[in-house]
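Here are my notes on this one, written as numbered points to read alongside the model.

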Amino acid sequence: MISDREELKKLIAFYVNGTLSEEEKKRVEEFLGKDPEGEKELVEFSRIREIIREEPLPEPPAYIYERISGRIRKEKSFFQKVKSLIGAFYGSRAISWGLVGAQAVLILFLLFRPVSPTYRTLSMTPSHQGVYINVIFKDDTREKDMRALLNRVGATIVEGPTEEGLYVIKLGREGHLKEAIAVLKESGSVKFVARAYR
Amino acid sequence: MNELEIIKRIAGKDENAFRELYEGTSKKVYHYLLGMLKDPRKAEDIMVDTFTEVWKCAGKFRGDSKVSTWIIGIARHLALKEFGKKKPVTNSIENHLYSLPAKNVAIDSFLRTELLRKAMEKLSFSHREILELVFFHEMSYREISDVLDIPINTVKTRVYYAKENLKQILENMGIGRDDI
């Protein structure tokens with residue numbers, strides 16, 4: 001356990017530099033008055049203080065402040081630019097109304113934007129003009145056979161394939177629909193075919 | 001104007017207040033950095049960084065310590081960050097240069113002062129640093145604890161052992177332990 005005496009000895013340096021509280025100061029003074037070793041510590045620390053305080057203080061070169069000054073001016077001008085931008089933003093009616101307008105446009109867009117469905121059946125696709133057919137080819141159908149089949153029914157691919165392998169094809173003319181579906185079914189290359197209502 | 005007012009004005013980007021603070025504290029900070037780094041160029045670079053930081057962070061000063069203590073804390077942190085990989089320099093004067101042939105030689109006051117100064121230079125950095133913080137910068141043990149980021153008890157013990165170490169160095173130099 002650290003004795004009170006040892007603790008007081010450690011405070012002597014701070015007694016010498018004058019930073020102790022009144023209460024600590026009083027305790028140290030009482031200790032110094034009755035302990036010769038404490039008195040010796042006081043002399044030693046006072047001597048060290050004297051030596052340290054006698055050391056000449058080197059003058060920092062004047063250009064150091066110039067360097068600092070350059071840096072803080074840069075920082076200050078940046079700070080002022082930001083401040084004036086913020087001031088202009090809040091101070092100008094045109095900017096404020098512009099901001100209100102932009103927010104209104106954004107809100108209207110979010111409310112009325114076209115929303116695409118997140119799912120659909122194989123026989124249903126978004127509505128468009130024309131005659132469309134949903135087709136899923138068999139996995140082993142070659143691209144060459146697909147092309148030949150589409151040419152035969154006079155159709156072109158307008159969408160797909162999806163993850164499920166669904167293509168949407170568009171026929172050249174409406175009256176051809178039944179015939180085209182029959183040809184596709186009989187080809188042996190498709191596993192699903194149905195009219196697409198768009 | 002007191003320190004807190006100056007700092008408040010600096011926080012409001014008042015360059016005159018900053019100049020005032022610089023003039024009042026720069027010598028002490030430079031002295032501290034020179035003692036720590038032993039290289040004027042490095043000390044100058046850290047001075048620039050330190051005072052730039054003071055300019056930027058004046059608004060964060062809480063007023064728990066003296067402004068000079070706060071600035072030295074910043075300087076120390078930046079110096080350690082920049083050059084911390086190397087140990088702070090301890091003076092390289094040969095240990096025996098000032099050794100005297102016999103112990104307890106009678107010495108006059110001037111010589112004793114000189115020897116004591118040389119002995120101070122031979123102290124380890126941490127011991128020299130703490131004695132300077134106590135007697136040159138006149139910091140309380142609480143302030144030193146903040147600056148060095150060590151417990152208050154360690155501060156008190158380190159100061160005490162710094163003095164004991166100084167006496168040992170004096171003894172090695174041929175001067176009686178008790179002849180401080």
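1. A cut-off before anything else: a residue is buried if 20 or more other C-beta atoms lie within 10 Å of its own, exposed if 12 or fewer, and partly exposed in between. Keep in mind too that this is a predicted model.

2. With that in hand, have a look at K13(B). It sits in the loop between helix 1 (3-11) and helix 2 (15-37) of chain B, and K13(B) has a positive phi of about 65 degrees without being a glycine. Buried or exposed, or in between? K13(B) has 18 C-beta neighbours inside 10 Å, so it counts as partly exposed.

3. D149(B) is another one to check. Its phi is positive, near 55 degrees, and again the residue is not a glycine. You will find D149(B) in the loop between helix 7 (141-148) and helix 8 of chain B. Here the count is 10 C-beta neighbours inside 10 Å, and therefore D149(B) is exposed. As background for both points, most residues other than glycine have a negative phi, and most peptide bonds are trans.

4. Next, helix 8 of chain B, residues 152-172. Its 21 residues reach 30 Å from the first C-alpha to the last, close to the 30 Å expected at 1.5 Å a residue. The buried residues in this helix are V155(B), K156(B), R158(B), V159(B), A162(B), K163(B), L166(B), I169(B) and L170(B). They cover an arc of only 165 degrees around the axis, so they lie on the same side of helix 8 of chain B. The general rule behind such a pattern: an α-helix has 3.6 residues a turn, so residues three or four places apart point the same way. Just after the helix, G174(B) takes a positive phi of about 95 degrees.

5. Over to chain A, which has 7 helices and 4 strands. Reading from the N terminus, the order of elements is α-α-α-α-α-β-α-β-β-α-β. Of its 198 residues, 18% count as buried. Among contacts in chain A between residues at least 6 apart in sequence, 60% join residues at least 24 apart.

6. How are the strands of chain A arranged? They make an open sheet of 4 strands in the order 2-3-1-4, with antiparallel pairing. Strand 2 and strand 4 (190-196) of chain A are the edge strands, each pairing on one side only. On average, and with direction ignored, neighbouring strands of this sheet are turned by 35 degrees against each other.

7. Strand 1 (residues 132-137) and strand 4 of chain A are antiparallel and joined by 6 bridges, and F137(A) stands opposite V190(A) in strand 4. Between strand 1 and strand 3 of chain A there are 5 bridges, antiparallel again, and here V135(A) stands opposite Y167(A). Strand 2 and strand 3 of chain A, also antiparallel, share 4 bridges, with E159(A) opposite V168(A).

8. A cis peptide bond then joins G160(A) to P161(A), with omega about 5 degrees. P161(A) is in the loop between strand 2 (155-159) and strand 3 (166-171) of chain A.

9. What packs on the sheet? Helix 7 (residues 177-186) of chain A does, touching strand 1, strand 2, strand 3 and strand 4, and its direction makes about 170 degrees with that of strand 4 of chain A. Helix 6 (residues 143-153) of chain A lies across strand 1, strand 2 and strand 3, at about 115 degrees to strand 2 of chain A.

10. Last, the contact between the chains. It takes 29 residues from chain A and 35 residues from chain B. On the side of chain A that touches chain B, the elements giving two or more residues are helix 1 (4-16), helix 3 (36-54) and helix 4 (62-91) of chain A. Helix 4 of chain A gives the most, with 9 residues. By type, the residues on this side of chain A divide into 15 nonpolar, 3 polar and 11 charged.

Notes: Residues numbered from 1 in each chain as written. Chains lettered and ligands numbered in written order. Predicted model: local features only at pLDDT ≥ 70, side-chain atom pairs only at ≥ 80, totals over all residues. Expected span 1.5 Å × (residues − 1). Arc of directions from axis to C-beta. Contact = placed C-beta atoms within 7 Å. Nonpolar A, V, L, I, M, F, W, Y, C, P; charged D, E, K, R; others polar. Pairing = 2+ DSSP bridges. Axes fitted to C-alpha atoms, helices over the stretch in contact; angles between N-to-C directions.
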